[in-house]
Protein chains: 2
Amino acid sequence: MALPTSVVISEEGPREGFQIEKQMIPTEKKVALIDALSDTGLKSIQAVSFVSPNRVPGMADADDVVSRITPRPGIEYSAIWFNEIGLQRALAFRDRLTIVGKLRGYASDAFLKKNLNRTPEEHSAYTLQEIHRYQRLAIPITEASVTAAFGCNFSGDVPVDKVLSEIAAIKALTEEFELPIDSVSLADTMAWATPASIKAVVGAIQDRFPDFGISLHLHDTRGLAVANAYAALEMGIRHFDAAVGGLGGCPFAAHQGAAGNICTEDLVFMCHEMGIETGIDLEALIECGRLAEQVVGHPLPGAVKQGGSLTTLRQSLGR
Amino acid sequence: MALPTSVVISEEGPREGFQIEKQMIPTEKKVALIDALSDTGLKSIQAVSFVSPNRVPGMADADDVVSRITPRPGIEYSAIWFNEIGLQRALAFRDRLTIVGKLRGYASDAFLKKNLNRTPEEHSAYTLQEIHRYQRLAIPITEASVTAAFGCNFSGDVPVDKVLSEIAAIKALTEEFELPIDSVSLADTMAWATPASIKAVVGAIQDRFPDFGISLHLHDTRGLAVANAYAALEMGIRHFDAAVGGLGGCPFAAHQGAAGNICTEDLVFMCHEMGIETGIDLEALIECGRLAEQVVGHPLPGAVKQGGSLTTLRQSLGR
């Protein structure tokens with residue numbers, strides 16, 4: 001398949017990054033990074049998660065962060081939440097956050113238990129309650145995801161059939177409740193994916209659910225995130241989450257080491273060099289990657305912010 | 001094309017890594033790393049370069065390193081050199097080093113000047129002298145390479161035709177002097193390659209020189225090395241250079257930041273997880289990656305040594 005001519009990248013660095021850092025990051029620094037990201041051409045920025053400050057101390061100031069950013073027209077700022085308290089906190093910012101419902105499938109029961117402390121049955125019941133709640137509040141339910149779609153540190157390899165059955169369940173709910181969901185996000189939450197498994201899982205979904213779009217949420221814990229993104233591009237995938245500088249990781253995923261998401265600027269660099277448009281100013285984004293390092297106070301794994309883009313090199317050579 | 005069922009990886013970490021480190025690394029630490037790499041299943045280890053200690057101080061002890069390693073049967077230990085003095089130093093170790101001649105093409109005249117201070121004409125003349133010298137010394141000339149095959153920090157993008165003409169020149173010499181060269185190594189010396197350009201250049205070479213094998217020497221300066229290796233695997237490439245821990249980089253390549261080679265253990269991890277055999281014990285190699293960090297005294301970019309392999313995770317899960 002030919003590579004796509006353009007892709008859409010959703011920036012999740014602020015949310016992914018700040019939730020995992022051990023030290024407290026001043027609110028104004030978080031705000032500064034989000035505002036800088038708003039000037040790069042990104043159209044979607046996930047700013048915070050509204051979660052319990054006891055579980056995720058780094059997100060205790062989420063409300064403050066949202067109220068202090070400077071929203072730019074044309075950019076969707078989003079947040080995540082996992083329960084009604086979180087949703088209520090998000091709803092206080094209906095004027096500045098794009099608030100939509102998301103159906104969450106889990107391809108690993110073990111990770112569902114670890115992450116949300118729910119059995120599959122409890123999660124199904126919760127999902128139904130959540131649909132009713134969203135509908136009562138007139139919140140459109142437009143998104144769906146499958147977590148741990150490529151493997152799980154707590155249960156091992158994930159069969160493709162488990163991913164397909166999670167999507168089938170999402171599709172059934174979509175039809176039953178007439179939800180405007182036309183795509184699903186596959187999360188490689190614990191970095192088990194390889195280019196080969198990306199192709200296998202994406203291919204199986206495209207075969208079984210040809211009307212469903214697919215987006216990918218990739219982690220780079222084992223160094224394969226960019227290769228996995230390339231494999232996805234070869235399958236025609238056009239939507240990716242990414243985190244500036246390679247910020248991030250899930251605090252409950254039992255990672256031993258650096259656990260960042262795919263680095264936004266490295267992904268953008270690869271796309272641009274292959275003629276794939278992103279609408280993003282790579283040099284401005286690289287500056288954000290450097291700012292992110294200052295904000296968290298330690299080096300981040302992204303490579304292009306170290307090695308430099310080829311755009312500047314070509315310019316310096318007069319080409 | 002189906003992915004290959006096995007690949008051959010040549011370890012170049014000791015040579016690539018020690019030439020670029022600013023501080024002096026004690027000889028015994030270099031020897032310890034090479035000896036540890038000898039226990040991983042690697043069949044080819046490039047130990048040192050015999051270059052001027054004034055130009056590359058980190059290689060001043062190359063002779064000492066070679067004399068103190070413990071060669072294991074079945075492993076080819078190699079070295080590189082760029083002039084007759086270097087060759088003479090290598091020849092002193094004919095009992096422990098595999099000494100073969102290599103024809104070196106440069107896809108960038110600018111980098112040839114920077115790296116070897118030769119014009120293309122001077123380099124052609126030197127190559128002829130070198131062939132005669134090798135033949136006089138009964139050193140088989142079995143290897144060929146094209147440096148800067150995907151782009152150059154000093155001249156910009158490299159046309160595919162320039163790579164093809166370099167290989168045509170190598171092939172002409174191979175025929176004229178009846179050299180047993182049946183493959184060419186393409187070096188992405190300054191990390192300009194993308195998965196798309198890997199496919200374009202490799203495809204063009206496979207079309208034009210179907211009898212020539214191709215190996216790849218990849219750098220990860222801009223984060224694409226593993227993706228580039230995957231693209232090469234998809235083109236049927238079975239030979240890669242790599243550097244444990246992601247050691248390395250070229251001291252004359254004007255890199256701004258971390259400039260390591262593709263990390264051996266990350267490449268091996270990807271191959272194993274996709275069912276591609278390497279003959280290498282990944283866990284032993286990861287230990288070498290950690291040892292390499294101790295040897296150079298700073299973190300190295302490889303991811304799997306941080307994130308952990310899936311083999312150990314599966315074992316801990318009883319799978």
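**Where chains A and B meet**

The crossing of α9(A) and α9(B) is right-handed, meaning that the near helix is turned clockwise from the far one by less than a right angle. This is a predicted model, where local features need pLDDT of at least 70 and side-chain atom pairs count only at pLDDT 80 or more, while totals for chains, interfaces and linings use all residues. Residues are numbered from 1 along each chain as its sequence is written, with chains lettered from A and ligands numbered from 1 in the order in which they are written.

**The α9 pair**
- Helix α9 spans residues 225–234 in chain A and in chain B, and the two axes come within 7 Å, crossing at roughly 45°.
- That makes α9(A) oblique to α9(B).
- From α9(A), A:Val226, A:Ala227, A:Tyr230 and A:Ala231 meet B:Val226, B:Ala227, B:Tyr230 and B:Ala231 of α9(B) (contact is C-beta atoms, placed from the backbone, within 7 Å).
- Sort the residues of that contact and you get 8 nonpolar, no polar and no charged.

**The whole interface**
- Chain A puts in 40 residues and chain B 40.
- On the chain A side, the elements giving two or more residues are α8 (195–208), α9, α10 (264–273), α12 (304–307) and α13 (310–316).
- By class, that side of chain A has 21 nonpolar, 13 polar and 6 charged residues.

**A look at B:Val226**

Methods: Axes fitted to C-alpha atoms, helices over the stretch in contact; angles between N-to-C directions. Helix = DSSP H or I, 4+ residues; strand = E, 2+ residues; numbered from the N terminus. Parallel < 35°, antiparallel > 145°, perpendicular 65-115°, else oblique. Contact = placed C-beta atoms within 7 Å. Nonpolar A, V, L, I, M, F, W, Y, C, P; charged D, E, K, R; others polar.
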